[in-house]
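Colleague: I am new to reading protein models, and I would like to learn how to look at aromatic rings. Could we go through one together?

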Amino acid sequence: MLKKKSKDVENHEEVKVIKKQYKKMRNIILICLSIFIILFAIKFLHDFVIIHKVLKVNYADLGDNYKITFYENQLQTPRYIYYKDGITKYVLPNAPSNIVITKDGYLYVIQTEKKTYTKFENVLGNSKGVSLSYMSFGVDMDIQHILQFMILERCKVSKEEYKNQNYITLQFGMYKMWINPTTYYVEKEIFSGQVTEKVIEKNVVTEEDIKMPNLEGYTESVVSQ
C-alpha cells in the first residue's frame with residue numbers, strides 16, 4: 001500500500017515539474033561553478049606566466065652588461081648599478097661609500113673620504129638579481145616556489161595607466177610594481193610609501209664604469225665577528 005502511494009506521488013504532475021525544475025537549477029549551478037573554476041584557472045595561469053616572465057627578465061636574463069638608474073621619491077640625484085662581465089659596482093651619489101662586487105665573489109665597501117675600505121665575502125649571493133630591488137623575495141625560477149609565493153602572498157596582477165600607456169601591475173603585501181608590457185622590465189616600485197623608478201639600459205657599461213678604485217693609501221677596516 002505504501003509503495004503504491006509512493007509511486008502515485010512520484011507520478012503526480014506537480015512532483016514531476018518540481019523534480020524537473022530542481023534538476024535544471026542543479027545543472028545551472030554546476031555549469032556556473034564549472035565556468036567560475038575555469039575562469040579562475042585561466043586567470044591564475046595568466047598571472048603565473050607574467051610573474052615567471054618578470055622574474056626571468058629582471059633576474060635571470062639581464063645579461064652580462066647592463067646599467068640600472070634608480071630615482072627614489074623623485075630625488076634629483078639618482079643612484080646607479082653597473083654590471084659587466086661578472087663585476088657589479090654600486091654608485092651612491094652623496095653617500096659616504098661605494099660598493100664593488102668582484103668576479104671572485106668579494107664585496108668591497110669603499111669610503112673615499114675616510115680612505116678606508118671593508119672587504120666581505122659576497123653576502124649578496126647572486127649580484128645579478130639587483131634589478132628587482134623590492135621583488136628579490138627569495139623566489140627562484142622553480143615552478144613550485146613561484147606557485148607557493150603566489151598563493152601565500154595573494155599576488156594580484158592587473159593593469160594601470162603609467163607613462164600614458166597600460167602597464168602591468170603586480171601587488172603583494174606592501175609591494176606594488178609597474179611592469180613594462182613590452183619589455184617586462186619593472187620600471188616603478190612602491191614599498192611602504194617609498195617610490196622607486198628605474199631605467200634599465202643594456203650593453204652600455206664600459207670598463208671605466210666598473211673600475212675598482214685604487215686602494216693604495218687606504219686602510220682596511222676589519223669588521224669584528
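Colleague: Which residue lies over the face of tyrosine 106?

Modeller: That is lysine 119, which sits 4.3 Å from the ring centre. Keep in mind that this is a predicted model. There is a second case of this kind: lysine 188 lies over the face of tryptophan 178, at 4.5 Å from the ring centre.

Colleague: Before we go on, how many helices and strands does the protein have?

Modeller: You will find 3 helices and 12 strands. Of its 225 residues, 32% are buried. As for contacts with a separation of 6 or more, 48% of them involve residues 24 or more positions apart.

Colleague: And what is the accessible surface of the protein?

Modeller: About 15,000 Å², and carbon and sulfur atoms account for 55% of that.

Colleague: Now to the rings themselves. What describes a pair of aromatic rings?

Modeller: Two things do: the distance of the centres and the angle of the planes. In this protein the count comes to 9 aromatic pairs. Take tyrosine 162 and tryptophan 178: their centres are 6.3 Å apart and their planes stand at 45°, which makes the pair tilted.

Colleague: Where in the protein do tyrosine 162 and tryptophan 178 lie?

Modeller: Tyrosine 162 belongs to strand E7 (residues 156-162) and tryptophan 178 to strand E9 (residues 175-179), so the pair ties together parts that are 16 residues apart in sequence.

Colleague: Is tyrosine 162 buried or exposed?

Modeller: Buried, because its relative accessible area is 10%, and the cut-off for buried is under 20%. Tryptophan 178 is buried as well, with a relative accessible area of 4%.

Modeller: Compare that with another pair, tyrosine 175 and phenylalanine 191. Their centres are 4.7 Å apart with 15° between the planes, and this pair is stacked.

Colleague: Which strands hold tyrosine 175 and phenylalanine 191?

Modeller: Tyrosine 175 is in strand E9 and phenylalanine 191 in strand E10 (residues 186-191), so here too the pair ties together parts 16 residues apart in sequence.

Colleague: What is the relative accessible area of tyrosine 175?

Modeller: For tyrosine 175 the value is 25%, so this residue is partly exposed. Phenylalanine 191 is also partly exposed, at 24%.

Colleague: Which residues form one aromatic cluster?

Modeller: Phe149, Phe172, Tyr175 and Phe191 do.

Methods
Residues numbered from 1 in each chain as written. Predicted model: local features only at pLDDT ≥ 70, side-chain atom pairs only at ≥ 80, totals over all residues. Heavy atoms only, no water. Helix = DSSP H or I, 4+ residues; strand = E, 2+ residues; numbered from the N terminus. Buried < 20%, exposed > 50% of the residue type's maximum accessible area, 1.4 Å probe, protein only. Contact = heavy atoms within 4.5 Å. Areas by Shrake-Rupley, 256 points an atom, 1.4 Å probe, with all protein chains shown as cover. Phe/Tyr/Trp six-rings, centres within 6.5 Å; stacked < 30°, edge-to-face > 60°. Lys NZ or Arg CZ within 6 Å of the ring centre and 35° of its normal.
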